[in-house]
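Subject: Structure handover

Hello,

I am passing on the structure below, followed by notes on what was found in it. Please read the notes with the structure open.

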Amino acid sequence: MRQAEITRNTLETQITVRLDLDGTGQARLASGIPFLDHMLDQIARHGLVDLQVEAKGDLQVDGHHTVEDIGIALGQALAQALGDKKGVRRYGHAYVPLDEALSRVVVDLSGRPGLEFHVDFQRARLGDLDTELVHEFFQGLVNHAFITLHVDNLRGDNAHHQCETVFKAFGRALRMAVEADPRAAGVVPSTKGAL
């Protein structure tokens with residue numbers, strides 16, 4: 001059962017994330033930031049993972065703590081659900097277009113946190129989400145999932161399209177990386193023998 005539940009309580013946020021890597025793309029999302037919920041839904045739907053997020057944060061300050069801490073909790077859930085990573089494909093990649101926008105995401109379940117994030121958003125806000133917080137979300141996720149992630153928006157004039165292609169591509173790349181490899185059942189995909 002590749003499932004996890006993480007609760008993160010701080011003076012700034014109270015967050016619970018439930019993740020099932022072998023789900024069907026179902027999502028129940030209540031981050032307090034509707035545009036972020038829309039993006040998290042893309043991860044679930046295109047990653048074919050079941051995802052629940054319940055968050056209460058200090059949104060009266062701004063969205064930073066909430067967005068970053070959801071990324072942290074999701075990263076912790078991903079690491080827990082993956083366990084020893086035996087039998088997974090390890091690597092995943094996806095190109096996703098949306099009208100004029102095109103993004104590429106490549107993931108390695110490497111056991112080492114690393115983020116290359118290259119998205120030049122054309123607007124500072126998308127609904128109630130500051131676009132600079134998209135980087136913070138993925139940084140928190142990467143640091144706590146111990147994965148290497150390359151995110152590149154290759155083109156795009158519409159910030160909504162740019163952001164949506166990034167989250168869809170992440171979902172698709174994650175789906176590929178966590179997928180069971182029938183030719184490598186019970187084997188850690190590394191010459192080190194551990195990830």
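Strand β6 (residues 101-108) and strand β10 (residues 148-155) pair in the antiparallel sense over seven bridges. Strands here are DSSP E runs of at least two residues, helices are H or I runs of at least four, and both are numbered from the N terminus. Two strands count as paired if DSSP finds at least two bridges between them. Opposite H150 in β10 stands V106.

Some notes on the source. This is a predicted model, in which local features need pLDDT of at least 70 and side-chain atom pairs count only at pLDDT 80 or more, while totals for chains, interfaces and linings use all residues. Residues are numbered from 1 along each chain as its sequence is written, and side-chain values use heavy atoms, with hydrogens and water left out.

The sheet

β6 and β10 belong to an open sheet of four strands, with the order β5-β6-β10-β7 and mixed pairing. β5 (91-98) and β7 (114-118) are at the edges with a single partner strand each, so one side of each has no neighbour in the sheet. From one strand to the next, the twist averages 10°; angles run from 0 to 180 degrees between N-to-C directions, and axes are lines fitted to C-alpha atoms, for helices over the stretch in contact.

Helices on the sheet

Helix α3 packs on the sheet and touches β7 and β10, contact meaning heavy atoms within 4.5 Å. The direction of α3 makes about 165° with that of β7. Helix α4 (residues 159-178) lies across β5, β6 and β10, and runs at about 150° to β5.

The helix pair

Helix α2 (residues 64-82) packs against helix α3 (residues 132-145) at an angle of about 30°, with the axes 7 Å apart. Among the residues making the contact are V67, I70 and Q76 of α2 and F137, L141 and H144 of α3.

Q76 lies in helix α2. Q76 touches I6 and H144, leaving aside residues up to four places away in sequence. The C-alpha atoms of Q76 and V17 are separated by 9.1 Å, and these residues are 59 apart along the chain.

Regards
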